[in-house]
Amino acid sequence: MGNMKQHTIQLWLGGLIICLAGCEPPPPAEGFDAVVARVNETRLTIGDLESDLQTALLPIATAQMKQNWVKKWVQAELLAQEAMRQDLHADRKIARELEKIRRDYLANALLERLLELQSPEVSDEELEAYYKTHPKEFIRQEPEQKLSVIVLQNESTAREAWRQLIRGRLDFKEMARTKSIHTSSQQEGDLGFLKKNDISDFSVQELVFSMKVGEISKPVHTESGYFILKVTGRREVGTVRPREEVRSEIVNKVLQERRRSQIKQLVEGLRHEANVEINIQNLIQYEYQEPTAMVPDLIPEKE
């Protein structure tokens, strides 16, 4: 009897081991197909998550950011499924908005693909042509001062340097190159042309734009040291900025014009192949709530 009972236990344990071995859950999916969240029959995979993060311009999201994103996905999916259960998608207004979102998204996706195929190269001839034919776009709206600077650590050194400079005993560029503690020392103190808003300190801003070309300021105390400023050039309001200064702007404008031209050609080609009508009569009647005489039924769409 005892042997029989022991044999039964062994059979039961053996069956349990076999069952456990056979009932083990399958290994987790790997790669982009791995499921990170599920709401009823809708799944969010690693691939979906990565795609969403890329679209949201978060390609380097932290682990916490990803967990928060998944939580928000679950919440949105729960609400969306409940909206479907209540047949909100069948509401005429909501259905219209959904169709509008779908249409606009597809249209923008097509235009983005068109932009991707566009060459980013702009020739010198195109740059020159645009610059010459659009001079008003590059007219200065405010004056600019060309500024050089020497920055010294203490007041006594700065005052002595200033006295030597205004007496002509020292060269401004040479002192800026050899004595200035400012990063511009490698350019002999040259900061280039600046507008008022390029200077953060209001008092320095007012000082610089009250100076004449060639004038050297007394030492100005700032948190970074004692500044000696010199205006070396000026550009007046209404003058045209040189082409090289606005090169990047011209490149963007040329590419924008090229894109508009490509979109126009695409739309014109599609319109030629499609059956497009605009009923202006109905539009006017809707606006004024009364018939309007002497208005043709169809007016070609204007560009």
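**Close-up 1. The largest nonpolar core.** Leu147, Val149, Ile199, Val204, Val208, Phe227 and Leu229 touch the most other members of the largest nonpolar core, which has 13 residues. Here a nonpolar core is a set of buried Ala, Val, Leu, Ile, Met, Phe, Trp, Tyr and Cys residues joined through side-chain atoms within 4.5 Å. Two or more residues of this core come from each of β3, α8 (202–208) and β6 (225–235). Helices (H or I, at least four residues) and strands (E, at least two) are DSSP runs, numbered from the N terminus. The model is predicted: local features need pLDDT of at least 70, side-chain atom pairs count only at pLDDT 80 or more, and totals for chains, interfaces and linings use all residues. Residues are numbered from 1 along each chain as its sequence is written, and side-chain values use heavy atoms, with hydrogens and water left out.

**Close-up 2. Surroundings of Leu147.** Neighbours within four places in sequence are left aside. Leu147 then contacts Gly189, Asp190, Leu191, Gly192, Leu194, Val208, Leu229, Lys230, Val231 and Thr232. Contact means heavy atoms within 4.5 Å. Another core, of 11 residues, lies apart from the largest one. Its members include Ala158, Leu165, Phe172 and Tyr226.

**Close-up 3. The Glu50–Lys66 salt bridge.** The closest N and O atoms of Glu50 and Lys66 are 3.7 Å apart. A salt bridge is a side-chain nitrogen of Lys or Arg within 4 Å of a carboxyl oxygen of Asp or Glu. Glu50 lies in helix α2 (residues 46–55) and Lys66 in helix α3 (residues 63–85), so the pair ties together parts that are 16 residues apart in sequence. Glu50 is partly exposed, at 26% relative accessible area. Lys66 is also partly exposed, at 29%. Buried means under 20% relative accessible area, exposed over 50%, and partly exposed in between (1.4 Å probe, protein chains only).

**Close-up 4. The Lys253–Glu137 salt bridge.** These two side chains meet at 3.4 Å, N to O. The pair links distant parts of the chain, 116 residues apart. Lys253 sits in helix α9 (residues 247–273). Glu137 sits in the loop between α5 (124–133) and β3 (144–152). Lys253 is partly exposed, at 25% relative accessibility. Glu137 is partly exposed, at 34%.

Close-up 5. The closest N and O atoms of Arg241 and Glu245 are 3.3 Å apart. Arg241 is buried, at 19% relative accessibility. Glu245 is partly exposed, at 33%. Salt bridges with shared partners join Arg140, Glu144, Arg235, Arg241, Glu245 and Glu249 into one network. The model has 24 salt bridges by this rule.
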